[in-house]
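Hi,

Here is the structure I said I would pass on.

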Amino acid sequence: MSKCLLCNSNFRRQINYEKLLSFTKIKEKYTCNFCLENFAKKSGKLCRGCSKEVKKEGLCSDCLQWQKIYGNNLLDNKSLYKYNDAFHDLMVRYKRYGDYILCHVLVELIDNLPVADYYVPVPSSPSHLERRGFDTIRSIYQNLVPLTNLLIKNDNGKAQGEKNRNERLLTKQTFLAIKKENINGKILLLDDIYTTGRTLYHARDALLEVYSNCEINSFTISR
Ligand SMILES: [Zn+2]
Ligand SMILES: [Zn+2]
């Protein structure tokens, strides 16, 4: 028997053969099936820029805004889950209250990751790292793929999660790319949530300064 990290109930572990076939690593189960059912996978029509659920084919309103700045060079962001109450509550516990152990629930939710040559986590700012004692993104993805550090984040006051929509969009560039030799091919930026896209576009802009030879896309658990 295991204890569910979300609701504390005991549950029987079952090996999920479907997951076992699609993912090379056998993942531990930390979440009971009742809790897992509260997370909603996206379905139907998805925005071709950021994979938000949309009513009609094409780009969502956020990506249309990015198109004004970036033209056809939009970031291709893949994500798996809707940002619903269950996901919101999980992220509040994980990030605001710094409940590190919940990184295992997030790992369990990720049953599919796009293939890339380099997996680059979006880093925490130094002040957040100090406050929480762990890097929220690295702690999730290090369980899934080998990570390459190519970004530094400088402090910039409030965290994205504490800002309203307009404040988010007006955030200035705070990322800096780390120069490394022989980086070629596909880079996949990794983050937890795609809200306006501001963070990921900044991260890509910073990487392109140094790695303009690479194809840079992104993945978030939720959108
Ligand atoms: Zn549970
Ligand atoms: Zn979009």
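**Strands around β8**

Strand β3 (residues 77–81) and strand β8 pair in the parallel sense, with four bridges between them. Before I go on, the ground rules: this is a predicted model, where local features need pLDDT of at least 70 and side-chain atom pairs count only at pLDDT 80 or more, while totals for chains, interfaces and linings use all residues. Residues are numbered from 1 along each chain as its sequence is written, chains are lettered from A and ligands numbered from 1 in the order in which they are written, and side-chain values use heavy atoms, with hydrogens and water left out.

Helices (H or I, at least four residues) and strands (E, at least two) are DSSP runs numbered from the N terminus, and two strands pair if DSSP finds at least two bridges between them.

How many of the eight residues of β8 (residues 215–222) are buried? Seven are, which leaves the strand mostly covered. (Buried is under 20% relative accessible area, exposed over 50%, partly exposed in between, with a 1.4 Å probe and protein chains only.)

β7, helix α9 (residues 198–210) and β8 together make a right-handed β-α-β unit. Right-handed here means that, with the strands pointing away from the viewer, the path from the first strand over the helix to the second runs clockwise.

**Rings**

I paired rings of Phe, Tyr and Trp (its six-membered ring) if their centres lie within 6.5 Å; planes under 30 degrees apart are stacked, over 60 edge-to-face and the rest tilted. That rule gives eight aromatic pairs. One of them is Phe39 with Phe87, edge-to-face at 6.4 Å centre to centre and 90° between the planes. This pair links distant parts of the chain: Phe39 is in the loop between α2 (33–36) and α3 (61–70), Phe87 is in helix α4 (residues 85–96), and they are 48 residues apart. Phe39 and Phe87 are both buried.

Tyr70 and Tyr201 have ring centres 4.7 Å apart and planes at 20°, so this pair is stacked. It also links distant parts of the chain, from helix α3 (Tyr70) to helix α9 (Tyr201), 131 residues apart. Both tyrosines, Tyr70 and Tyr201, are buried. Phe39 turns up again in an aromatic cluster with Tyr83 and Phe87.

Two charges sit over rings, going by NZ of Lys or CZ of Arg within 6 Å of the ring centre and within 35 degrees of the ring normal. Arg204 lies over the face of Tyr70, 5.2 Å from the ring centre. The charged end of Lys153 is over the ring of Phe175, at 4.8 Å from its centre.

**Zinc sites**

Donors are N, O and S atoms within 2.8 Å of the metal (3.2 Å for Na, K and Ca); water is not among the atoms, so sites may look incomplete.

- Zinc ion (ligand 1): coordinated by the SG atoms of Cys4, Cys7, Cys32 and Cys35 at 2.3 to 2.4 Å, with donor spacing C-x2-C-x24-C-x2-C. Cys32 and Cys35 are both buried.
- Zinc ion (ligand 2): coordinated by the SG atoms of Cys47, Cys50, Cys60 and Cys63 at 2.2 to 2.4 Å, with donor spacing C-x2-C-x9-C-x2-C. Cys60 and Cys63 are both buried.

Cheers
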